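Here is a colleague's note for someone opening this entry for the first time. The points below are meant to be read beside the sequence and the structure.

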Amino acid sequence: MTARERILGRVREALRERDPVEHPGAFEGWRPRTPRSPVDGLVHLLEAAGGEVVHQPNLDAATSWLATFCGGFDSSAVGESVPAALRPPIPTASPDIAPLGVSVARGAVAETGSLIMDARDGRRAQLLVPTHVVFLRVEHVYATLREALLDMADDLPSAIGLHSGPSKSADIGQILVKGVHGPGRLVAVLIGGDE
Amino acid sequence: MSFSGPTNYRRESAKAIRDKPEVRDSVTAATRTFDAHRVHAWGQIDADRWRDWARDVKTHVLTHLDQYLEQAERQLTSNGTRVHWAESADDALTILGEIVREHGVESAVKAKSMLSEELGVNRHLEGLGVHVRETDLGEYIIQLLDEPPSHIVGPAIHRSVDDCRKLFHERLGTPLDADPDELATAARDALRAEFLAADLGISGGNFLAADSGTIALIENEGNIRLSTSLPRVHVAFVGIEKLVPRLEDVSAFLQLTSRAATGQPIGNFVSLIQGPRRSDEVDGPEEVHVVLVDNGRTRLLADEAAWEALRCVRCGACLNICPVYRQTGGHPYGWTYSGPIGAIIAPGMLGLEEALPLPHASSLCGACVDVCPVRIPIPELLVHWREKAVEQGLTPKVETVGLKAYTKMAQRPGLFSAAGAVLRHVPLGLGGRALPVLGGWMQERSAPKSSAKSFLQMWKEGIE
């Protein structure tokens, strides 16, 4: 007998006289109704978690914003799915040395304030850089995490990262510090919605 | 340094309170903060309904565990993840050793994982000549100090900022008056080099979705994302109780666990891992291994009452609220899982004889059951293990003899009042220590003064 068979055998033996319990059904996210729209909810939580949020009405405005923002950086690492209009006008560098990373989020979740980062965009540019700029189309904001996971279930990459704020820790004497391992600065740029 | 087992809990807890009073201050301050955050976060949702739902899903999984394990294995395999089964810590370490040999692993980075602490992963890897580095800041601190974790969520909560200043000064050369930001930057720089060099990343798993084969991990630092993304091999140790039926169920557990642990709507980083790097991806590990670990869990599952403790999501809320845990932190409990949850899973996983002091490390105040996000009836299970200990004759001889003597005496009114009269005239401070049961209580406390009259006398004379 293998370890697998022995473990499953012990599980079955333990459950032999136990009444099975049914799954309670879908999680309904019970929470008090708030007047916030999904986009407002996302912005509220991202900012509360220490993230920065910028809102640009369209792609052109986002391109101009990026040109100004990049003035403070000498190079950047860019995600695979970033369109030409959103590539920073500065030299590219590998994520382990670049001071800036630019990615596109696959979507976002209002109830948790999360940006959905797809592994196909490249994980290193999402994680190794001190400052992470993430572009997001406002129509890609899901109200709940459950909706987001159901919607992505048929097209899952090797990994999804939910980024809901900058890297932080309170492990040193319970005092909050930012930028421990991942980006210490997270800038979400919401595009659209105002046209 | 590793744990020596729960057997010496009484001695170790007394020693901690006497010799390290500053630990009580650090732990109490940290756990009060954690708990205040939880209270605030639960106030924003209909927490009772979330908790009922989470309890029912976990109970459903546990009562169908064999089916969900088989489903998860099929799905993980079809995602390209290699699945291993480990009955014991030794099995799990052997599997890890084979992966290390196969890939010629020289260095490993570790994401915080209580299961890897339980298994003794670090010591084993060091024995194989692998350089292993804890990357969670709290775990890094205690690895440098050669200490085990003191709390499920905050492993270094027993250490003050000053402790960290001294440690980092000696090990990383930071100034003795460095602020926490400078300390964290020094740790980031030291660890970044290790991340980039490591061949192997090791993690646990908060949840494993059976339908999609997704390993879900919650954190705030980003070190788990890095440990599971940069090295070419990723090994995740997952307890068999971590299964949830569907990926959509994970959404609620991620949020409830974060709210219970740190009061956040969700951890700042969540990893949802489906398997190794695919052909259309530019980075990620080439191999992902999931080691499904029993190590006492099926033994706990077989207990007619305590199996409910396997619903635990390791949020630490019951530690944060526990007045007994707050006095000492986790070290005196003598094994990986401390506090109320540790006290009810230890007898099931390690055996009652080995874990016996822990179900007594409680005043049965019941605060823990009020905060448990999956409604584990912790006080009932503490009593359950105490009763089992009596049934199996595991209580101290002197307690058994003492209680028998008391029973005989209490049945004879003359003898009872005579004994009472004698005891009232012996100063408790002197004689008390010699008495069974009372003696143990008196070891750590000063004696109260005896009343001159018995309660019965006062009752007859009319109590004012």
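Which residue stands opposite R82(B) in strand 10 of chain B?

1. The residue opposite R82(B) is H289(B), in strand 10 of chain B. Please keep in mind while reading that this is a predicted model.

2. Helix 4 of chain B (residues 65–78) deserves a separate look. Its 14 residues, at 1.5 Å a residue, should span 20 Å, and because its end C-alpha atoms are 20 Å apart, the expectation and the model agree. Just after this helix, G80(B) takes a positive phi of about 95°.

3. The buried residues of helix 4 of chain B are L65(B), Y68(B), L69(B), A72(B), E73(B), Q75(B) and L76(B). An α-helix has 3.6 residues a turn, so residues three or four places apart point the same way. The buried residues of helix 4 of chain B pack against several elements of chain B, including helix 3 (47–63), strand 1 (82–86) and strand 10 (287–293), and also against helix 1 of chain A.

4. Turning to the meeting of the chains, 62 residues of chain A are in contact with 77 residues of chain B. Helix 1 of chain A gives the largest share of the side of chain A that touches chain B, namely eleven residues. By class, that side of chain A has 29 nonpolar, 17 polar and 16 charged residues.

5. The two chains are also joined by strand pairing, for strand 8 of chain A and strand 9 (residues 269–273) of chain B run antiparallel and are linked by five bridges. L162(A) stands opposite V270(B) in strand 9 of chain B.

6. Finally, the largest nonpolar core has 182 residues, and those with the most contacts inside it are L136(A), V291(B), A309(B), C318(B) and I344(B). Helix 12 (residues 247–261) of chain B provides the largest share of this core, eight residues. Not counting residues up to four places away in sequence, I344(B) touches A306(B), A309(B), I378(B), L381(B), L382(B) and W385(B).

Definitions and conventions. Residues numbered from 1 in each chain as written. Chains lettered and ligands numbered in written order. Predicted model: local features only at pLDDT ≥ 70, side-chain atom pairs only at ≥ 80, totals over all residues. Core = buried A, V, L, I, M, F, W, Y, C linked by C-beta atoms within 7 Å. Buried ≥ 20, exposed ≤ 12 C-beta atoms within 10 Å, placed from the backbone. Helix = DSSP H or I, 4+ residues; strand = E, 2+ residues; numbered from the N terminus. Contact = placed C-beta atoms within 7 Å. Nonpolar A, V, L, I, M, F, W, Y, C, P; charged D, E, K, R; others polar. Pairing = 2+ DSSP bridges. Expected span 1.5 Å × (residues − 1).
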